[in-house]
Amino acid sequence: MKESSSVQRVVVGMSGGVDSSVAAAVLLEQGYEVIGATMLVWSPPGVDMNYSESCCGLSAAEDARRVCAKLGIRHYTLDFKDVFYERIIRNYVEEYSRGRTPNPCVLCNEWIKFRALLDRARSLGAEQVATGHYARIRYDEDRRRWLLLRGLDPRKDQSYALYRLSQEQLSRTLFPLGEMDKATVRRLARELELPTAGKPDSQETCFVPNNDYPALLQILTPESFRPG
C-alpha cells in the first residue's frame with residue numbers, strides 16, 4: 001500500500017450521473033486519493049431546479065454524495081452560483097440578444113469546471129481535477145505542449161466542448177473515461193453497485209427549466225420580447 005505522502009490527491013467534479021461516478025471509481029482503483037465535489041450553479045429566480053434530471057441541483061448533489069459514500073471518499077458541495085451567473089448566464093443572455101446562439105457548456109468548462117473548481121481543489125490540497133468527459137489528454141514531448149484528443153468512443157466524444165482549455169488547465173486535468181465507451185462505463189457502474197448505475201443520461205442545458213430557453217429569456221430579459 002502506498003504511503004499517504006506519495007498518493008496524488010485529485011478532486012473529481014461529480015454531477016450525480018453515471019459518468020462522473022465511474023470516473024471517481026476508476027481513479028480510486030488507480031491509487032489516487034479521490035475527493036468528490038458537486039458544483040451548485042445559478043438557477044432562475046422562483047424556479048425549482050432540484051429535480052432529478054438536473055446535473056447541478058441538490059438532488060444531483062445527493063446522488064453524488066451517495067456514490068462517494070459507497071466508494072468511501074469525501075464529498076463536498078460547492079456553491080458557484082455567483083461566478084456561474086457572471087461568466088455563463090450574462091454571456092447566454094447577451095448572445096441571444098445579438099441574434100447569436102451561445103454554447104454555455106463550452107464556457108462552463110473553461111470558467112467553472114476547470115478554473116473555479118481547480119482553484120477550490122488547490123485549497124483542498126489537490127493539484128488536479130477530473131471529470132467524466134469522454135476526451136483524452138496527452139503531452140507532446142517534441143512540441144512541449146499538452147494535446148486535447150477525442151475520446152475513443154466516437155458516439156460520446158466531448159473534446160469539442162473543451163477546446164478553450166488552456167495549457168495550464170490541460171496539465172492539471174484527468175479524463176479517466178477517455179479510453180472507454182459508454183457500454184463499458186455502464187457495466188463498471190453495475191459491477192461496482194454504484195447508486196447511479198441506471199441513471200439516464202442528461203443532455204439538456206442544466207439551468208434551463210424543461211429545456212425551454214425562450215421562457216427563460218423572457219424571465220431574464222422581458223424587454224427583448226418584441227415584434228421583429
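Helix α1 (residues 18-29) and helix α6 (residues 182-191) have axes that come within 10 Å and cross at roughly 70°. The axes here are lines fitted to C-alpha atoms, for helices over the stretch in contact, and angles run from 0 to 180 degrees between N-to-C directions. Helices (H or I, at least four residues) and strands (E, at least two) are DSSP runs, numbered from the N terminus. Angles of 65 to 115 degrees count as roughly perpendicular, and α1 and α6 therefore fall into that class. Their crossing is left-handed, a word used if the near helix is turned anticlockwise from the far one by less than a right angle. On the α1 side the contact is made by Val18, Asp19 and Val22, and on the α6 side by Lys182, Val185, Arg186, Leu188 and Ala189. Contact means heavy atoms within 4.5 Å.

Before going on, please keep in mind that this is a predicted model, in which local features need pLDDT of at least 70, side-chain atom pairs count only at pLDDT 80 or more, and totals for chains, interfaces and linings use all residues. Residues are numbered from 1 along each chain as its sequence is written, and side-chain values use heavy atoms, with hydrogens and water left out.

Let us stay with Val18 for a moment. Val18 lies in helix α1 and, at 3% relative accessibility, counts as buried. Buried means under 20% relative accessible area (1.4 Å probe, protein chains only). Leaving out residues up to four places away in sequence, Val18 touches Thr196, Ala197 and Asp201 as well as Lys182, Val185, Arg186 and Ala189.

Leading up to α1 is a loop from β1 (9-13), and Met14 is found there. Met14 also counts as buried, at 2% relative accessibility. Among the residues Met14 touches, not counting those up to four places away in sequence, are Ser20, Ala24, Gly36, Ala64 and Cys68.

Next comes the sheet. Five strands form an open sheet in the order β3-β2-β1-β4-β7, with parallel pairing. Two strands pair if DSSP finds at least two bridges between them. β3 (74-79) and β7 (173-174) stand at the edges with a single partner strand each, so one side of each has no neighbour in the sheet. Six bridges join β2 to β3, and Leu40 has Asp79 in β3 as its bridge partner. Across β2 and β3 lies helix α2 (residues 58-71), running at about 160° to β3.

Elsewhere, β5 pairs with strand β6 (residues 145-150) in the antiparallel sense over six bridges. Ile137 stands opposite Leu148 in β6. The two strands form a hairpin with four residues between them, and Arg144 in the turn has a positive phi of about 55°.

The largest one has 35 residues, of which Val11, Phe80, Phe84, Ile88, Ile112, Leu117 and Phe207 touch the most other members. β2 (33-40), α3 (81-97), α4 (104-123), β5 (135-140) and α7 (213-220) each supply at least two residues of this core, and the largest share, nine residues, comes from α4. Leaving aside neighbours within four places in sequence, Phe80 is in contact with Met39, Leu40, Ile112, Ala116, Leu117 and Arg120. Apart from this core lies another, of 26 residues, including Tyr32, Ile73, Leu177 and Ala189.

Notes
A nonpolar core is a set of buried Ala, Val, Leu, Ile, Met, Phe, Trp, Tyr and Cys residues joined through side-chain atoms within 4.5 Å. Buried means under 20% relative accessible area, exposed over 50%, partly exposed in between (1.4 Å probe, protein chains only). Angles under 35 degrees count as roughly parallel, over 145 as roughly antiparallel, 65 to 115 as roughly perpendicular and the rest as oblique.
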